Amino acid sequence: MGLPEPVIRVERLKKYFPLRRSIVEFLKGKPPRCVKAVDDISFEIYKGEVFALAGESGCGKTTTGRLIVKLIEPTSGKIYFNGVDITTLSREEEKEYRKKVQIIFQDPYGSLNPRFRVYNVLEEPLILAGIGETRAEREELIIRALESVRMVPPEEFLGRYPHQLSGGQRQRVAIARALILNPEFIVADEPVSMLDLSIRAEILNLLDEVKKKYGLTYLYITHDLSTARYFSDRIAIMYLGKIMEMTDCDTLVENPLHPYTKALLVAVPEPDPSMKDVIKEIPIKGEVPSAAAIPPGCRFHPRCPYRFEPCDKEEPELIEVEPGHWVACHLYAKR
Amino acid sequence: MALLEVRNLKAYYLTSRGSVKAVDNISFELDRGESLGLAGESGCGKSTLGFSLINLLPPPGKIVDGSIKIDGIEVVGLPDDELRREVRWKKISMIFQGAMNSLNPVLTIGDQLSEPLIYHHGISKEEALERVKEHLELVGLEPGIAKRYPHELSGGMKQRAVIAMALLEHPDVVIADEPTTALDVIVQAQILNLMKSLKKKLNLSIIFISHDLAVISEIADRLAIMYAGKIVEIGPSESVYLSPKHPYTQKLLGAIPRLRQKKQRLEFIPGAPPNLIHPPPGCRFHPRCPYRFELCDKEEPELIEVEPGHHVACHLFARR
């Protein structure tokens, strides 16, 4: 991989959310503080690939997904879709872009309008995009979308409301909604974390199937490294708005380099009863600090067991230490 | 005699549309110092079972039949004031699901943890605070946390405070209802470590309720799998994880993506769990079971012992 033009290229992307100043801060003339949700990240996603963004809550993975589908505007940085910068689109171009890039949200209970029948949920994007002139034409497309997510027979589901569907069926409707405009790229934001274990695999397998069938590319956002490994090709680990390590999933699990990645991997539980009396040695202490007060230098240094002099002064760059394996850590910096 | 004995427990939600049989004829025992993992998917009745054990079922939930004996005391039918005086928090306590939100935001940690001590034991506020501080240290928090408000604490610290609260009156049994579900993976591992060490140190009996079989395997000596209000399989962890017998357990374990193993296609169970107002006749899993045969939709399978201490409710294993 490497040479073809990526479907998505993110370049030095930043998203800061301003915080309100307190009266004291205002009177003292202090500059407004902000939450640096995404702080200078770059990555590329290639055609047919599943790229995972993983990390703990508050690491900026969801914000990145929302930036890519243009639900929010970046503070600075560029996002290219098939080589075209999407941060400076005209209204018309933006409309086209929104057909090609779709998002599946975490919570199928919240992402479907409870007053819409399945038919309306799926008709809405068609109407907005101006596809299908007659109701019959649209219904045809809707039925095909439901069939592609294996809601069969589709006619039986058209008239149902979301509360009449199970969690798995709701998420399948959400996937059908994302597929109905024939997109090229889908952001899947924790699509299975609210679902029961017995249907999680069903939804992931379904996403994989439609990906192959329609030649899709995914950004898979998750906190769960086990499903990330199962579902994705490459993965980036985020911490407080930065990418700490980026490589293919097998390398990440078998040969993690960043101390943070190592700690995350140790902490992941597995269904193995031999661990029940073992106190796990977790190499890092404490919890993620607030994104409004990011530590100087490497933002992981206060928790890092290997920190040395440059760590609290200089921010490490994301560098390629072996082909395709990127790490942002002073331990691996070229000297 | 076991510390906790549950016999033929039935807890239903009596709604206008019929009774939801969330816990339907469940029996098990728990020894001192032992941990039992209670696993199942949402709506299988595992939380209802937890709330029944401590007699805090929210209405319209009601224990309709059965017996719960804790340290020899029959709890079902015990008057409320006696229950409060003798059993709840003293013999059996609970770490609630979403513990991060179960703290009162306008009281300091010290105030809200000492309140029940003052109320129950009539001790002075200073004495109570002392005891609270001891327990905060026990769960790995600075005693100074007592002066803080919940919003000043991180998720992991709040979870520890809630664990301290459950231990204040030295219960024998602690029910932990999804205690790590809302936490990030590193904090989750820290909390699991804490619970393991508390179990050993205080010789606690723990009922650990979770939908996550990987998390449960970290702490459970024995594992019970629930489906649609029933225990379908129960036994020593090693035995259930390594040689699951019930088709549901087998499928469930096959559905877990594993981080450290080669990728293999995950299984899933077609269909959805049944409605518990009108559960399917016979075995409740039969509509989704790949191995069903003529008996399954007629007769309900009993729990039978297939290996020492390992019980399964499935006609495939019934003696004929």
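This is a predicted model: local features need pLDDT of at least 70, side-chain atom pairs count only at pLDDT 80 or more; totals for chains, interfaces and linings use all residues.
1. Surroundings of B:Arg88. Setting aside neighbours within four places in sequence, B:Arg88 contacts B:Ile54, B:Asn55 and B:Leu83. The residue sits in the loop that links α2 (80-87) to β6 (92-95) of chain B. B:Arg88 is buried: 23 other C-beta atoms lie within 10 Å, and 20 or more is the threshold for that label. From B:Arg88 to B:Leu53 the C-alpha distance is 9.6 Å, although 35 residues separate them in sequence.

2. Chain B overall. Chain B contains 9 helices and 12 strands. Its radius of gyration is 20 Å, in agreement with the value near 20 Å for a compact globule of 320 residues. Along the principal axes, the C-alpha trace of chain B spans about 65 × 50 × 40 Å. Of the 320 residues in chain B, 50% are buried. For contacts in chain B between residues at least 6 apart in sequence, 61% link residues at least 24 apart.

3. Chain A overall. Chain A has 11 helices and 12 strands. The radius of gyration of chain A is 22 Å, close to the 20 Å from the globule rule for 335 residues, so chain A is as compact as a globular protein of that length. Its C-alpha atoms fill a box of roughly 70 × 55 × 45 Å along the principal axes. Buried residues account for 43% of the 335 residues in chain A. When contacts in chain A between residues at least 6 apart in sequence are counted, 65% join residues at least 24 apart.

4. The sheet in chain A. An open sheet of 8 strands with mixed pairing runs in the order β6-β7-β8-β3-β9-β10-β12-β11 of chain A. At its edges stand β6 (101-104) and β11 (319-322) of chain A; each has a single partner strand, so one side of each is left without a neighbour in the sheet. From one strand to the next the twist averages 20°. The partner of β6(A) is examined next.

5. β6(A) and the helices on the sheet. β6(A) and β7 (residues 185-189) of chain A run parallel and are joined by 4 bridges. In β7(A), A:Ile186 is the bridge partner of A:Gln102. Helix α2 (residues 61-68) of chain A packs on the sheet and touches β3 (50-54), β6, β7, β8 (217-222) and β9 (234-239) of chain A. The direction of α2(A) makes about 150° with that of β8(A). Helix α7 (residues 167-179) of chain A also packs on the sheet, touching β6 and β7 of chain A, and its direction makes about 175° with that of β6(A).

6. The nonpolar core. The largest nonpolar core has 183 residues, and A:Leu219, A:Tyr220, B:Ile175 and B:Ile207 touch the most other members. Helix α6 (residues 185-202) of chain B gives the largest share of this core, 8 residues. Beyond four places in sequence, A:Tyr220 touches A:Val50, A:Phe51, A:Ala52, A:Ala188, A:Ala228, A:Phe231 and A:Ser232.

7. Which elements of chain B give two or more residues to the side that touches chain A? In total, 41 residues of chain B are in contact with 34 residues of chain A. The elements are α6, α7 (213-217), α8 (237-242) and α9 (247-254) of chain B. The largest share of that side, 9 residues, is from α6(B). By class, the side of chain B that touches chain A comprises 20 nonpolar, 10 polar and 11 charged residues.

Technical notes: Residues are numbered from 1 along each chain as its sequence is written. Chains are lettered from A and ligands numbered from 1 in the order in which they are written. A nonpolar core is a set of buried Ala, Val, Leu, Ile, Met, Phe, Trp, Tyr and Cys residues joined through C-beta atoms within 7 Å. A residue is buried if 20 or more other C-beta atoms lie within 10 Å of its own, exposed if 12 or fewer, and partly exposed in between; C-beta atoms are placed from the backbone. Two residues are in contact if their C-beta atoms, placed from the backbone, lie within 7 Å. The radius of gyration is taken over C-alpha atoms; the globule rule is 2.2 Å times the number of residues to the power 0.38. Ala, Val, Leu, Ile, Met, Phe, Trp, Tyr, Cys and Pro count as nonpolar, Asp, Glu, Lys and Arg as charged, and the others, Gly among them, as polar. Two strands pair if DSSP finds at least two bridges between them. Axes are lines fitted to C-alpha atoms, for helices over the stretch in contact, and angles run from 0 to 180 degrees between N-to-C directions.
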